[in-house]
Amino acid sequence: MLDYKNPGLVIESAKVEPGSVTWRSPANLAILKYWGKHGEQLPRNPSLSLTLSSSFTDTVLEYKPKEGGDRDLSLEFTFHQEPNEAFRERVLKFLGSVTGIFPFLLQLDLTVRTGNSFPHSSGIASSASAMSALALCLCSLEEELFETLSDDAEFDKKASYIARLGSGSACRSIYPVASLWGQFGEVEGSSDEFAIPMAGQVHEVFKDFHDDILVVSSEAKRVSSRTGHGLMESHPFAEARFADAKRKLHFLLEAMKKGDLETFGKIAEAEALTLHGLMMSSNPSYILLKPNTLSMIEKVQAYRAETKHPVFFSLDAGPNLHLLYPEDVIHDVRLFIDEELLPLCEDEQWIQDWVGEGPVQG
Ligand code: PMV
């Protein structure tokens, strides 16, 4: 196990000038899903995601040495320029959990200013982009104060590890194009503790792949992912699921390497339905899909059968449909979205997204 605890990372307050670090970090969509965890945010099975572009979080972390000898965390927090006590509490709890790794946080007055590119309450999970942006800011702050993370690969690995502690799926947002999180014998360097970059191991067709998000409902979901992960502990199908995920990952990696869209799409759709199937078959069971989600799935399947275009759906832990397709069919697919899917969206809301280049430092 990696141990990033480092009591030596303390500042001499008089020598540190106030400053700030800024990161923009994207959301990601798991094609192979993480569902079930143990220990300190460790996954029960490996997962593989595409990194998105237009759904991102911007985070600025401002710091200045504390004047008094107070040893509690000091945090001001705004979301879209407004104070937000619920988010502040979550960030405070997260920062509290990493003070052994970044002890200097206790010596600073911190201000976090953050905001998302996608409309708040559009039903899009924001924890991956938010927690990865914050983790990147913390690593940049360490580098700025101590020059201990100048190696890019080490920086990314630590940022991914820290992001994981905030929200498991966030560890995959650190890399461009695609990431793998979770120890998997076939992939050297893979780990349960951080994600690794996969851009070099996927076919060109995925590098500008589309993932449009069709907003079926913007309501906050009834059951959190944390609860869903917890229910996997006593799930009757848990062991079969974890084994199935590993089996599928082998074929997914092969398909993504070759650019085999049919196999990729088959696995993406099977994983989306499996995730929701696990929710429906847990105890207590619950359903996050809406009638319009199912109508859209039928439309996507019928459209694919009719046109032979490689257009596939995926789902996150919510009712909104992710539409996956390569750049060369964009013209036709956009017409299909306009005519057949937008009428099923809440207020015709959708987000045009695509595979992206990963986080950017401001
Ligand atoms: O990162 P969490 O704890 O919010 O869990 C996310 C789980 C899914 O989004 C449903 C799947 C995944 O691998 O991202």
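User: What should I know about the model before I start?

Analyst: The model is predicted: local features need pLDDT of at least 70, side-chain atom pairs count only at pLDDT 80 or more, and totals for chains, interfaces and linings use all residues. Residues are numbered from 1 along each chain as its sequence is written, and side-chain values use heavy atoms, with hydrogens and water left out.

User: How many aromatic pairs are there?

Analyst: First the rule. Rings of Phe, Tyr and Trp (its six-membered ring) pair if their centres lie within 6.5 Å. Planes under 30 degrees apart count as stacked, over 60 as edge-to-face, and the rest as tilted. A search of the whole structure finds 10 aromatic pairs. One of them joins F102 and F104. Their ring centres are 5.7 Å apart and their planes lie at 65 degrees, so this pair is edge-to-face.

User: Are F102 and F104 buried or exposed?

Analyst: Buried means under 20% relative accessible area, exposed means over 50%, and partly exposed is in between (1.4 Å probe, protein chains only). F102 and F104 are both buried. F104 has 0% relative accessibility.

User: What is the geometry of F104 and F146?

Analyst: The ring centres of F104 and F146 are 5.3 Å apart, with planes at 50 degrees, so the pair is tilted. Now place the two residues. Helices (H or I, at least four residues) and strands (E, at least two) are DSSP runs, numbered from the N terminus. F104 lies in the loop between α1 (85–97) and β7 (108–116), and F146 in helix α2 (residues 127–146), so the pair ties together parts that are 42 residues apart in sequence. F102, F104 and F146 form one aromatic cluster.

User: Which charge lies over the face of Y161?

Analyst: A charge sits over a ring if NZ of Lys or CZ of Arg is within 6 Å of the ring centre and within 35 degrees of the ring normal. For Y161, the residue is R164, at 5.0 Å from the ring centre.

User: Where is K248, and what does K248 touch?

Analyst: K248 is in helix α5 (residues 238–258). K248 is buried, with a relative accessible area of 9%. Two kinds of neighbour matter here. A polar contact is a pair of N or O atoms within 3.5 Å; within protein, one must be able to donate a hydrogen and the other to accept it, and residues adjacent in sequence count only if both atoms are side-chain atoms. The side chains of K248 and D244 make one of 2.8 Å. Plain contact means heavy atoms within 4.5 Å. Not counting residues up to four places away in sequence, K248 touches L32, R241, I267, A270, E271 and T274.

User: What about R241?

Analyst: R241 is also found in helix α5. At 4% relative accessibility, R241 counts as buried. Leaving aside neighbours within four places in sequence, its contacts include L32, K248, E271 and T274.

User: Which residues come nearest to the ligand?

Analyst: A residue is near a molecule or strand if one of its heavy atoms lies within 4 Å of it. Of the 14 residues around the ligand, Y34, S169, R172, H229 and D316 come nearest. An oxygen atom of the ligand is 2.7 Å from a side-chain N or O atom of R172. For D316, a ligand oxygen is 2.7 Å from a side-chain N or O atom. Accessible areas come from the Shrake-Rupley method with a 1.4 Å probe; for residues, only the protein chains shown count as cover. Taken alone the ligand exposes 380 Å², and the protein buries 91% of that.
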